[in-house]
Amino acid sequence: MSHSSLLTAVHDVLAQSVLPVQGTESVHPLSTEYITVTAQLGAVINTTHRLNHALNQLNDLPLGENATKLVALMKEHTALTSSINQSAAASVSLSSLLRGDNRAIYPDASPPHPTKIAEWGRNLGMEVFVDGSTTVLAGKVLVLDIDINDHVAVKTSFANNANGNGNTSAAPELDAFLAQEVTRWINAARRAAGIDSAVGHSREDPAIEAARRSRAIQEHLRYLMMVDGLAAAENEKGLRWFMEPTVVSDHIRKQVASPQMENLDKFLTQHALPLPYLVAPSLSFIVWLSPRGYLQLLRSSPPSKQSSMWNIDIPIAHLKTSMLDTLEDVTIATLKLVPCTEVAKFKMDSSDVPGDHTLLVTPSQMWVLDFTTKLPQNGVVMCQSRMRVIQGIVESRPIDMISMGNMSSMGSMSNLGNMSNMNFGEFGVASLQTNGSGGTGRSWVDLLINKNSSAEYYTATYKSPNGIHPPLHLRLLAPPEPGFLLQRVPVRSVKQVSRVLEIVRGQCWLNESLSILQWSPETPVLKSSHRPSNAEQGMPPGDAALTTLLASVLAGTVTPQSIPVNVYLPSSALSALSQPVDPFTSQHSGLGMGPPASAGSSSGASLFGPSDLEMEMDIPGLSMSMGGNMDMDLGMDLSTPTDTMQQSHGPETCPPPMIVLTSPRPVPRNGLVEIRITSGEGHGENGVWVEASPGVETGYMSDVVRRGGVWSLPGRVWNKG
């Protein structure tokens, strides 16, 4: 029996050591690369043990007079082995471009033809029959009849379906999905071949689009063949594997569908919308839709009187078409089967909740919620606490928010040779250490809006489209909570699916709200002792300017250049609002946890940093700066807890997503206004609950937030006085 040399073992590890994840992404059990990375780390550790053992044996050899000859032979063997390994590595690198999910897409300008569909079927092990424009693809159970003569028509039948009718389709929704996919490939292929440039439209190169769509069809067929194998193993009962997406969709619809017509955006604030065969031959969920995306759907939606099982204002057919063609601001999760070897092992228990539906079980496959569709991030950016909650839902165990670990305690590391004992599942990182600037390490906000670096504060400007208030200068404190990219969640029951999607929906609301504005890391601004003169500001000189300004202040007509707004994203529950804020009398406001004072502020309890109030609220001609000798002690504890995760919120729960906005009241009134916007099921008709400081009207705010105007609320309050 031949053994590989030490150099060959090292080359084998190096050939597989190119990690497929970016440096900004954390590998964890709910990421698609977890199994790959742990296998690579296991190979590195095992090879290290082998090298250590071999070198120790070599060191103990009594070389004597043969040392020179042995060294010469080893050099010759090393040179030959290195050449062979380099050639093998080059071949592996080239072949990897043609295999796997990340393989390159090469332009395909050939015209569409039934023989191409037949070739795809043969490559997947299907029986193929071609008759003119019709192609029949058959597995052990599944039979697909695809006709591309004039209009694409697909008919699905099953070989072991004793109750089937030869004139009707066994799965009409699957037929419509496959016909749509084949039609898109044909249109792109015809444009690429120059046959008909007027068919369809796309900003993408037609040859690239044709190749991409042909690959998508092959992926759909590959998935159907995997399900076909599961169905064939159960004979007549095997049809349930093909019917499971529809069964799950009907189960959810009976629980959440309303007999009254609902707006789609309002429905999505309460539930995810299940749609079989949306982006894959399985069940997909529309988890979140931005206000802009909903408006696009509403404006492009044709009038429809067709009956639908869902009473929503957007026709399902139009919704499915738009999800794939035009919409970008949407989060889609797909419930599908994947090999168990591609998913991290969790201690998952079967569901015992009354009225729940347990998904079909097989030893070789596992159901997962996949979030890598229709998102440029290839997943959903999640904060640490919500990832912990999802982990608890998957493992069906309570979450102890106090005992959250970090990446330095990755479980049992005593046996490094067995990578199955390594635990990346605590969803904690050791990067939450104070940096030189006084801030924390990487936050989930950094992962969302500033992937290449991190910052303690971010700033953005919101301008009213109608000019009803001065521009808002928003200052966001990055939460000291790490972020992860959620990509794949294993599930066992419909209840687990619903609970996971509820957590993701709340995070999507936060992500979408932040993505509305262009945030930039805050840069320190050096104070200047020079105060602009009246002439430089275009004001009358001397006493006339002071008189005019004083009259404006007394009349309450002074308009600042901008309104400072502090933005805070709490990671724990806040106390209730009780009293108005009076920064000049230092009365306790009872506002709960506000954002910490900015770095370098002269007052430790100052809600605003000097870069906000001293620069933007300074009224020319009067010493109205909120800094300096002005006491800004609001009676609130504004310090940041050393660990924002130290509060327990009960088993498998976390606070609902919330945005806290704090801004000054308009002149001549003093004090601060705090607005809290909370999203989640049970929070009003629009799925949003808004509360504010006493005396502030909030009745209209939920509709404003629903339409994407969350950042305009401080300006609207300022405008109303």
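Biologist: What separates glutamate 181 and arginine 184 along helix H5?

Modeller: This is a predicted model, in which local features need pLDDT of at least 70, side-chain atom pairs count only at pLDDT 80 or more, and totals for chains, interfaces and linings use all residues. Helices (H or I, at least four residues) and strands (E, at least two) are DSSP runs, numbered from the N terminus. Because glutamate 181 and arginine 184 are 3 residues apart in helix H5, the separation between them is about one helical turn.

Biologist: At what N to O distance do the side chains of glutamate 181 and arginine 184 meet?

Modeller: Side chains of opposite charge can pair when their charged atoms come close. A salt bridge is counted when a side-chain nitrogen of Lys or Arg is within 4 Å of a carboxyl oxygen of Asp or Glu. Glutamate 181 and arginine 184 form such a salt bridge, with an N to O distance of 3.6 Å.

Biologist: How does glutamate 234 count, with its salt bridge to arginine 240?

Modeller: The side chains of glutamate 234 and arginine 240 meet in a salt bridge at 2.9 Å, N to O. Arginine 240 has a relative accessibility of 41% and therefore counts as partly exposed. Glutamate 234 has 24%, so it too counts as partly exposed.

Biologist: How many salt bridges does the structure hold?

Modeller: One of them joins arginine 676 to glutamate 674, with the closest N and O atoms 2.8 Å apart, and both of these residues are buried. Elsewhere Lys336, Glu342, Asp370 and Arg488 are linked in a network of salt bridges. For the structure the count is 16.

Biologist: In what order do the 4 strands of the open sheet lie?

Modeller: Two strands pair if DSSP finds at least two bridges between them. Strand S1 (127-131) and strand S4 (153-158) are the edge strands, each pairing on one side only, and S1 is joined to strand S2 (residues 134-138) by 5 bridges. The pairing in this open sheet is antiparallel, and the order is S1-S2-S3-S4.

Biologist: Which residue in S12 is the bridge partner of valine 381?

Modeller: Strand S9 (residues 380-383) runs antiparallel to S12, joined by 4 bridges. In strand S12 (residues 483-486), Gly483 and Leu485 point one way and Phe484 and Leu486 the other, and all are buried. The partner of valine 381 is leucine 485.

Biologist: Where is serine 493, and how far is its C-alpha atom from that of tryptophan 367?

Modeller: Serine 493 lies in the loop between strand S13 (488-490) and helix H13 (494-515). With a relative accessible area of 2%, serine 493 is buried. Although serine 493 and tryptophan 367 are 126 residues apart along the chain, their C-alpha atoms are separated by 9.1 Å.

Biologist: What percentage of the 721 residues in the chain is buried?

Modeller: The chain comes to 17 helices and 18 strands. Helix H17 (residues 713-720) contributes buried residues, among them Leu713 and Trp718. Over the chain, the buried share is 48%.

Methods. Residues numbered from 1 in each chain as written. Heavy atoms only, no water. Buried < 20%, exposed > 50% of the residue type's maximum accessible area, 1.4 Å probe, protein only.
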